[in-house]
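Welcome! Have a look at the protein shown here, and then we will visit a few of its parts together.

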Amino acid sequence: MQDVTATYYFRPRADTTPEEAAQAIVEEETTGTWTEITTTTEYVRRLDGEVLALEPSGKGYVTQVRYPAEIFEAGNVPQYLSVVAGNLFGLGRLEAVRLLDVAFPASLVPFKGPKFGLEGVRKLVGTTERPHVGTIIKPKVGLTPKDTAEVAYHAAVGGVDLIKDDETLTDQTFCPIDERLPAVMARLDEAKEETGRQVLYAVNISARADEIVGRAEHAIDLGANMLMIDVITSGFTALQALAEAPSVTVPVHVHRTMHGAITRNPEHGIAMRPIARIVRMLGGDQLHTGTVSGKMSHDVSELKGDNLALTEEYFGIAPTFPVASGGLHPGKVAAEIENLGTDIVLQAGGGIHGHPDGTEAGARAMRQAVDAFMEGVSAEEYAKDHHELARALERWGNR
């Protein structure tokens, strides 16, 4: 493949044929405009796009189009997006349009990708096969640095592999990074002495683009062993800057907050898959992709494809570790692993901290649910001699 192929779902306006609508997408994103113009020369025609396929789908159509690679500036992801996901969303000939997927040729993937990736994160934590268990500090905002560290300690002792800030916690005055991060890392050191286990803490360094690398470097100086970025709100190139900075020597956990404004409508916007591909190219070591059984809107077949985009062979770039989060608890663990496999981070906030016996018991219950699956035992059977799991199933059920 020498050029870019993009796949779209669309519904044409009533007075527009599907063929005309598909052609409008190609023209808008390459050399065309709304009317005939006198400045188009023959040599420009080499940059015209092409409709490769057009098929009915539901209430609309799916089309695959080709964009000449020469239109793209290699390595410039904002420019990539301006082509494959630019003005077409406002085209009058379309009632709705959604970018489903995009495939780039090797010439347009000059990125190094994740520094750690799935296997690198596993090596840091010391696992080979089982899913990782993560948690989010809850409540998502409001705790003092000391209390945040206390919550992290109990989660770590209980058995989680990853602790992260929530998407809205950055460097507010009630819990500044300069106090929160050293406090959390000190308690995680205590937990490691007691358990022998390495636990990662993804501190949220999301900030304006010209500050984010400096904030990352400061966090690492304070002892951070993982960073977190809200990639949609911070921008894709903020992630790229982090991943490419030689001074950033820890994994980058990528949260997708605000993605629903782009991805949720099944007929309009951008699906998660192009976002997943871009995050992997730009160096995200972990990325939230969703759950098959949680609280957020989801499509199981799309989700499986999104996770595959993160983990399949892709120009030699390391796989990104998919993260399932949003409404998980121990009773949902089996469904997640059955559908998404074991190369997954099962991220539970309320499903750990809401345990009737507290955070440590909640973390133990999540690990027990994972262990039960890995041993081929149902959660109900395993709970007969694992009190924490039994209590979780009593509270939330097994679905």
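Predicted model: local features only at pLDDT ≥ 70, side-chain atom pairs only at ≥ 80, totals over all residues.

Two strands pair if DSSP finds at least two bridges between them. Helices (H or I, at least four residues) and strands (E, at least two) are themselves DSSP runs, numbered from the N terminus. Residues are numbered from 1 along each chain as its sequence is written.

Strand S2 (residues 50-57) runs antiparallel to strand S3 (residues 60-67), with seven bridges joining the pair.

## Helix H4

How many of the 14 residues of H4 are buried? The count is 10, where buried means under 20% relative accessible area, exposed over 50% and partly exposed in between (1.4 Å probe, protein chains only). Among them are Pro145, Tyr153 and Gly158. The buried residues of H4 pack against strands S5 (132-136) and S6 (162-164), as well as helices H5 (177-195), H13 (350-353) and H14 (359-374). Just beyond the helix, Gly159 has a positive phi of about 125°.

## A buried arginine

Arg130 sits in the loop between helix H3 (117-125) and S5. Arg130 counts as buried because its relative accessibility is 15%. Its side chain makes a polar contact of 2.8 Å with that of Asp161 (a pair of N or O atoms within 3.5 Å; within protein, one must be able to donate a hydrogen and the other to accept it, and residues adjacent in sequence count only if both atoms are side-chain atoms).

How values were computed
Heavy atoms only, no water. Contact = heavy atoms within 4.5 Å.
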